Amino acid sequence: SRDFLIAPSILSADFARLGEEVDNVLASGADIVHFDVMDNHYVPNLTIGPMVCEALRKHGVTAPIDVHLMVKPVDRLIGDFIDAGATYITFHPEGSEHIDRSLQLIREGGCKSGLVFNPATPLSHLDYVMDKIDMILLMSVNPGFGGQSFIPATLDKVREARARIDASGRDIRLEVDGGVKADNIAEIARAGADTFVAGSAIFKAHQPSDPHGYDSVIRQM
Ligand code: DX5
Ligand code: ZN
């Protein structure tokens, strides 16, 4: 059996209390911190950058930080996030002029690398780089915002990506991002995913009665 990881997307956290929010989801059972970087150019929204990643490390976060770059170009920010303490750095092929070079930059910096696929982006971008990636991230919404609905065609793409990983024989995580909820996560897992991003489903479900605020919602996932 696969080991499943829950990756709360801090995009839906209370940014005024970000350190506390991250501490709470991790104490509630989350495995990794999903960190959405948007540049108002590649996607129509503007979020957080390397200084915030560094601040979380200084705050004492030791869990893996999964940096999802929705930016163009990617290369300079890759270096900044390596320095800021990222664990995974993933980017969209559309954001890089030289995908192979960007992947190498991530690994040379000691981070784990990954490619992100929008709903309409083909998996053929993986063809020549399976040996240079540690994660495949499939978007089940169009990137830019939290709180959107899961696009059902993603399930076939998860099966296709799982088949590619299994055929490669490599240790590559398969992550799904967008509209993941307690009521669809089992189906996404059955299709072959092992890592689940959830933003609004977790951070909009704070329960004051839970010891750390998010225990009951993360337990359901
Ligand atoms: C969307 C981001 C997601 C987003 C997911 O562009 O990449 O990580 O936070 O939010 P939910 O889980 O609310 O769809
Ligand atoms: Zn994301």
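The questions below take up confidence, the sheet, the annotated sites and the ligand shell.

Me: What pTM does the model score?
Reply: This is a predicted model, in which local features need pLDDT of at least 70, side-chain atom pairs count only at pLDDT 80 or more, and totals for chains, interfaces and linings use all residues. Residues are numbered from 1 along each chain as its sequence is written, and chains are lettered from A and ligands numbered from 1 in the order in which they are written. The protein chain averages a pLDDT (the predictor's confidence in each residue, from 0 to 100) of 97, and 99% of the residues score at least 70. The ipTM is 0.99, and the pTM is 0.98.

Me: Which strands stand at the edges of the sheet?
Reply: The sheet is open and has eight strands with parallel pairing, in the order β1-β8-β7-β6-β5-β4-β3-β2. Strands here are DSSP runs (E, at least two residues; helices are H or I, at least four), numbered from the N terminus, and two strands pair if DSSP finds at least two bridges between them. One side of each edge strand has no neighbour in the sheet, because each has a single partner strand; the two are β1 (5–8) and β2.

Me: What does the twist average from one strand to the next?
Reply: The angle is taken between axes, which are lines fitted to C-alpha atoms (for helices over the stretch in contact), and runs from 0 to 180 degrees between N-to-C directions. From one strand to the next the twist averages 25°.

Me: Which residue is the bridge partner of Asp-36 in β3?
Reply: β2 and β3 (residues 65–70) pair in the parallel sense over six bridges. Within this pairing, Phe-35 stands opposite Val-67. The bridge partner of Asp-36 in β3 is His-68.

Me: How many of the residues of β3 are buried?
Reply: A residue is buried if 20 or more other C-beta atoms, placed from the backbone, lie within 10 Å of its own, exposed if 12 or fewer, and partly exposed in between. Ile-65, Val-67 and Leu-69 on one side of β3 are buried, and so are Asp-66, His-68 and Met-70 on the other. The count for β3 is six of its six residues.

Me: What is the largest C-alpha distance among the "binding site" residues?
Reply: An unreviewed UniProt entry places this feature at His-34, Asp-36, His-68 and Asp-177. UniProt positions follow the numbering used here, feature names are shortened, and annotations may be inferred rather than shown by experiment. The four are spread over 144 residues of sequence but cluster in space, with a largest C-alpha distance of 10.6 Å.

Me: Is Asp-36 buried or exposed?
Reply: Asp-36 lies in strand β2, and the unreviewed UniProt entry also lists it with Asp-177 under "active site". Within 10 Å there are 24 other C-beta atoms, so Asp-36 is buried.

Me: How does Lys-181 count, buried or partly exposed?
Reply: Lys-181 lies in the loop between β7 (173–177) and α6 (185–191). It has 18 C-beta neighbours inside 10 Å, so Lys-181 counts as partly exposed.

Me: Which elements give two or more residues to the shell around ligand 1?
Reply: The shell takes in residues whose C-beta atom, placed from the backbone, lies within 6 Å of the ligand. It holds 21 residues, the closest being Ser-9, Pro-143, Gly-146, Gly-199 and Ser-200. The elements that give two or more are β2 (33–38), β8 (195–198) and α7 (200–203).
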